[in-house]
Amino acid sequence: MRKLFTILTITVLLIAWASVTPFVVEQTQDFWTHWVSAQMEETDEPLELDPEKVAKGRIVFEKTAGDVGCAVCHGNFGMGDLATAPNVRGVDEVRIRGALEGAEEMEFLINVLTADDIENIAQFLQFLAQFTPAEFQRRRGVFTPEIVIVPPNTDVQLIVNNIDRSECTFTFEGIDVEAEAIGGRSAEDFIWTTPEADNTFTAFCAENPEDVVTLSVEEVEDASASE
Ligand code: HEC
């Protein structure tokens, strides 16, 4: 009888907890948002992203800066993955100005970028810093790596580098992210908030559905298994 009572109590407590949890999570997120912006005010301009500036910055970064774009050296999404220039995700205007003056390779850009360009690029790079990148490529119809490991409960930016000449309509199975065409010899990104660990999904080019890439949601090794 006592045991039954205990079980009942626990059940009631669990139900009560489940109903307040979303509220608690929301409050906690609020707390962190405020804490983060308070921290930022001390050191830097508070981060206020404007989608229009982010979009403009992306074009300048990828294509138009000095007619080549910053991406030729820093990689399409600022990851520094071309080994020609460092990762610049998350840098602010001050760092960009410093690099324009300090890095010889970037000298040709000093007089071609407007103040607006620099602000927009900083917006784009700070926008990118919100996401954990997971990059892979498609070459001759095959994805490398075949299995892409992404962390759980994270805003992930899937970056698909299409090395092939042919277009790929990148399509997800079981993931609520819209399919989008990736032109030949170009890259596209997809923002995906991953679910909990131990889930596996696939994606493929609609033109070539038998070659799939597996997206495996797994706890990253060094993260100490909390909870
Ligand atoms: C021709 C190649 C090239 C282009 C184009 C280029 N960069 Fe760079 N950039 C470099 C190199 C190389 C460095 C590293 C310089 C060093 O460490 O001395 C660098 C450094 C930087 C840094 C400093 C990184 C840090 O850790 O502080 C920033 C910021 C930066 N670049 C932003 C940009 C932006 C924004 C653009 C486009 C408007 C751009 N770069 C275009 C080659 C390039």
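This is a predicted model: local features need pLDDT of at least 70, side-chain atom pairs count only at pLDDT 80 or more; totals for chains, interfaces and linings use all residues.
## Overall fold

The protein has 227 residues, and 33% of them count as buried. Its secondary structure comes to 5 helices and 9 strands. Read along the sequence, the pattern is α-α-α-α-α-β-β-β-β-β-β-β-β-β.

Take Asn 76 and Ala 187. They are 111 residues apart in sequence, yet their C-alpha atoms are 7.4 Å apart. Asn 76 sits in the loop between H3 and H4. With a relative accessible area of 29%, Asn 76 is partly exposed.

For comparison, ideal angles for six octahedral donors are 90 or 180 degrees.

## Aromatic pairs

A search of the whole structure finds 9 aromatic pairs. One of them joins Phe 136 and Phe 170. Their ring centres are 6.0 Å apart and their planes meet at 45°, so the pair is tilted. Phe 136 is in strand S1 (residues 132-139), and Phe 170 is in strand S5 (residues 168-173). The pair therefore ties together parts that are 34 residues apart in sequence. Phe 136 is buried, at 2% relative accessibility. Phe 170 is buried as well, at 0%.

Phe 172 and Phe 190 make another pair, and this one is edge-to-face. The centres are 5.3 Å apart, with 75° between the planes. Phe 172 is in strand S5, and Phe 190 is in strand S7 (residues 186-193). They are 18 residues apart, so the pair links distant parts of the chain. Both Phe 172 and Phe 190 are buried.

## Salt bridges

Side chains of opposite charge can pair when their charged atoms come close. A search of the whole structure finds 7 salt bridges. One links Glu 119 and Lys 53, with the closest N and O atoms 2.8 Å apart. Glu 119 is in helix H5 and Lys 53 in helix H2, so the bridge ties together parts 66 residues apart in sequence. Glu 119 is partly exposed, at 23% relative accessibility. Lys 53 is partly exposed too, at 27%.

Another salt bridge joins Glu 188 and Arg 58. Here the closest N and O atoms are 3.4 Å apart. Glu 188 is in strand S7 and Arg 58 in helix H2, 130 residues apart. Glu 188 counts as buried at 17% relative accessibility, whereas Arg 58 is partly exposed at 22%.

What about Asp 164 and Arg 138? Their side chains meet in a salt bridge of 3.8 Å, N to O. Asp 164 lies in the loop between strand S4 (155-162) and S5, and Arg 138 lies in strand S1. The bridge therefore ties together parts that are 26 residues apart in sequence. Asp 164 is buried, with a relative accessible area of 12%. Arg 138 is buried at 4%.

## A nonpolar surface patch

Val 68, Val 72 and Phe 108 make a nonpolar surface patch of about 260 Å². Val 68 is placed in the loop between helix H2 (51-64) and H3. With a relative accessible area of 37%, Val 68 is partly exposed.

Notes: Residues are numbered from 1 along each chain as its sequence is written. Side-chain values use heavy atoms; hydrogens and water are left out. Rings of Phe, Tyr and Trp (its six-membered ring) pair if their centres lie within 6.5 Å; planes under 30 degrees apart count as stacked, over 60 as edge-to-face and the rest as tilted. Helices (H or I, at least four residues) and strands (E, at least two) are DSSP runs, numbered from the N terminus. Buried means under 20% relative accessible area, exposed over 50%, partly exposed in between (1.4 Å probe, protein chains only). Patches are made of residues with over 30% relative accessible area and no salt bridge: like charges are joined within 9 Å, nonpolar side chains (Val, Leu, Ile, Met, Phe, Trp, Tyr) within 5 Å. Accessible areas come from the Shrake-Rupley method with a 1.4 Å probe; for residues, only the protein chains shown count as cover. A salt bridge is a side-chain nitrogen of Lys or Arg within 4 Å of a carboxyl oxygen of Asp or Glu.
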